[in-house]
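The following exercises are to be worked with the sequence and the model at hand. Each task is followed by a solution in steps.

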Amino acid sequence: QGLFYFKKQGEEYKLSHTFNARDISGGLKSNRVNSLLLDNEKRLWAGTYNGLYRYEARDSIFVSLNELLGDTEKPLCNIVLCTHLDEENNLWFGTPCGLNKVFSDDGGISYHLKEFTRDDGLPDDYISSIQEDLEGNMWFSTNAGISKLDKQSGEISNFESGDGTGDYNFSESSGFSSKSGVLYFGAFSGYTYFKPDEIIYN
């Protein structure tokens with residue numbers, strides 16, 4: 001159905017605007033919106049089944065990530081399953097083709113993309129949900145379990161059913177990080193939760 005904007009009026013929220021998929025400049029290219037987030041500059045990002053977009057409130061338009069990236073950079077997939085903003089204001093998003101990190105060196109004027117796939121150590125490229133632990137490491141659910149990316153070393157650790165991850169059928173954008181550091185990942189038949197600092201590595 002698209003994206004709906006509700007504006008608070010008194011004690012109520014009322015529908016102010018509807019953004020539907022339109023094949024024009026400044027519009028969303030898909031009505032299936034999987035995730036929304038605000039970055040540290042209060043800019044709204046929308047992950048859809050046909051790209052990642054940044055909303056420009058002044059002009060009421062959406063600018064695609066492809067337009068913000070350099071000429072030689074482009075995501076492997078346009079289907080965005082989940083998004084996450086880390087403590088350093090880097091935007092991460094998952095697709096059926098891998099994990100992606102979007103970062104800017106100039107305050108958001110232009111962006112760069114770094115991708116992680118099975119070639120980099122992932123057990124599977126289908127990234128359903130992304131969370132960050134209290135140490136700043138990235139965790140994500142895939143179709144082959146749950147994985148951790150150490151942002152300092154770049155090392156990827158993978159955990160499967162034998163490690164207690166439960167269901168492999170993890171749900172898109174279904175995850176949560178508690179204040180106490182517990183990470184939750186939702187699946188079709190339940191959820192997996194754990195504290196990363198309590199994991200014993202063999």
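Helices (H or I, at least four residues) and strands (E, at least two) are DSSP runs, numbered from the N terminus. The model is a predicted one, in which local features need pLDDT of at least 70, side-chain atom pairs count only at pLDDT 80 or more, and totals for chains, interfaces and linings use all residues. Residues are numbered from 1 along each chain as its sequence is written, and side-chain values use heavy atoms, with hydrogens and water left out.

**Exercise 1. The chain as a whole**

Task: Describe the secondary structure and the overall dimensions of the chain.

Solution. 
Step 1. The chain has 1 helix and 17 strands.
Step 2. The radius of gyration, taken over C-alpha atoms, is compared with the globule rule, 2.2 Å times the number of residues to the power 0.38. The chain has a value of 17 Å, close to the 17 Å that the rule gives for 202 residues, so it is as compact as a globular protein of that length.
Step 3. Along the principal axes, the C-alpha atoms fill a box of roughly 55 × 45 × 25 Å.
Step 4. Of the 202 residues, 44% count as buried.
Step 5. A contact means heavy atoms within 4.5 Å. Among contacts in the chain with a separation of 6 or more, 41% come from residues 24 or more positions apart.

**Exercise 2. The nonpolar cores**

Task: Which residues have the most contacts inside the largest nonpolar core?

Solution. 
Step 1. A nonpolar core is a set of buried Ala, Val, Leu, Ile, Met, Phe, Trp, Tyr and Cys residues joined through side-chain atoms within 4.5 Å.
Step 2. The largest such core has 14 residues, and those with the most contacts inside it are W45, L52, L65, L91, F93, V102 and Y111.
Step 3. Helix 1 (65-68) and strand 8 (91-95) each supply at least two residues of this core.
Step 4. A second, separate core has 11 residues, including F116, L122, M138 and I156.
Step 5. Beyond its neighbours within four places in sequence, W45 is in contact with several residues, among them L52, L91 and Y111.

**Exercise 3. L122**

Task: Where is L122 placed in the chain, and which residues does L122 touch?

Solution. 
Step 1. L122 sits in the loop between strand 10 (112-116) and strand 11 (127-132).
Step 2. With a relative accessible area of 4%, L122 is buried.
Step 3. Not counting residues up to four places away in sequence, L122 touches L99, F116, T117, I127, F140, I156 and N158.
Step 4. L122 and S157 are 35 residues apart along the chain, and their C-alpha atoms are separated by 8.2 Å.

**Exercise 4. Three further residues**

Task: Are V63, H112 and S104 buried or partly exposed?

Solution. 
Step 1. V63 is in strand 6 and is buried, with a relative accessible area of 15%. Outside the four places on either side in sequence, V63 is in contact with L52, Y53, R54, E56 and L68.
Step 2. H112 lies in strand 10 and, at 28% relative accessibility, counts as partly exposed. Leaving aside neighbours within four places in sequence, its contacts include L69, V102 and F103.
Step 3. S104 lies in the loop between strand 9 (98-103) and strand 10, and at 27% relative accessibility it counts as partly exposed. With neighbours within four places in sequence left aside, S104 is in contact with I109, S110 and Y111.

Note on methods: Buried means under 20% relative accessible area, exposed over 50%, partly exposed in between (1.4 Å probe, protein chains only).
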